[in-house]
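Hi,

Here is the structure I promised to pass on. My notes follow below it.

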Amino acid sequence: LLQGEADAAPSSTPRTCRNLIPMPYMTTRDLDAWASTLPEPALLRKRFTRAALEATREAGRTAGFVPTSHEMVCAEVMREAAKYQAQDMPFSLQFPANLRGRYRNLPDAYFGSAVVLCVTEPMPAGSVAKADVAVLAPMIRAAKERWTSSAEVDAVLGWEVARDVRPRHFPESDGAHMVLTNWTSFPFFAVTLTLGTPVHVAPAYTMWVPNLGHILATAPSTDRAADVIFCLPEPVQANSETAP
């Protein structure tokens, strides 16, 4: 939560770009050595107004299907990120889905982990870059329906219980993939810490991880629905002419 000029904050370089969060499987020395080899990130920043999302929703509407705001934003970022991949590379989206509603004994204010990672069926990156919302949004919804099904959730829980060590669980996907996390449902702007209403919400950890990004909440007083910040990878040589 940042104090300052609301309009300037989303366009400035994140203060955490070069500051690494300690990881249990890497020493501080290893992290520092790794950070020193990484270039400054190329960040995709995009703002979505409510009016623009509503117009896109109408464009993506098909018989029996109306895309959600989350699906539309993910589709837009997917298309942009796909330009930086080898065009024949299988490319997919990974995103976390909220499972808190399934655990009826959790208190209303529960903030712990109750999520599962979903992954779309891979498509060639060149096809993703040219696809429209009417193609990508149903893929994103299908991924959520599949990975949040009772069978898949039970399989993940069973896998967690059976293993000896406890690394994070990620679904496997072929080729390259991007990860996009949606923060818009969290009531960040209700947290004042006695300092007043926040003017901007941003991640508080490293932002230079290629193909990792966030859909961020915006102040309720604005006409924006969401801000996106996404770390683009280095464009592949064969596809550099298509990257902006």
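A quick definition to start: buried means under 20% relative accessible area, exposed means over 50%, and partly exposed is in between (1.4 Å probe, protein chains only). Leu195 has 59% relative accessibility, so Leu195 counts as exposed.

Before the rest, some housekeeping. This is a predicted model, where local features need pLDDT of at least 70, side-chain atom pairs count only at pLDDT 80 or more, and totals for chains, interfaces and linings use all residues. Residues are numbered from 1 along each chain as its sequence is written, and side-chain values use heavy atoms, with hydrogens and water left out.

Back to Leu195: you'll find this residue in the loop between strand S5 (176–182) and strand S6 (212–216). Strands here are DSSP runs of E, at least two residues, and helices are runs of H or I, at least four, numbered from the N terminus.

Now the aromatics. Rings of Phe, Tyr and Trp (its six-membered ring) pair if their centres lie within 6.5 Å; planes under 30 degrees apart are stacked, over 60 edge-to-face, and the rest tilted. There are two aromatic pairs in the structure. Trp183 and Phe188 have ring centres 5.9 Å apart and planes at 45°, so that pair is tilted. Trp183, Phe186 and Phe188 make up one aromatic cluster, and Trp183 is buried at 16% relative accessible area.

What about the cysteines? Cys74 is buried at 0%, and Cys231 is buried at 1%. Searching the whole structure turned up zero disulfides (cysteine sulfur pairs within 2.5 Å).

Lastly, Val135 sits in helix H5 (residues 133–147) and is partly exposed at 39% relative accessibility.

Cheers
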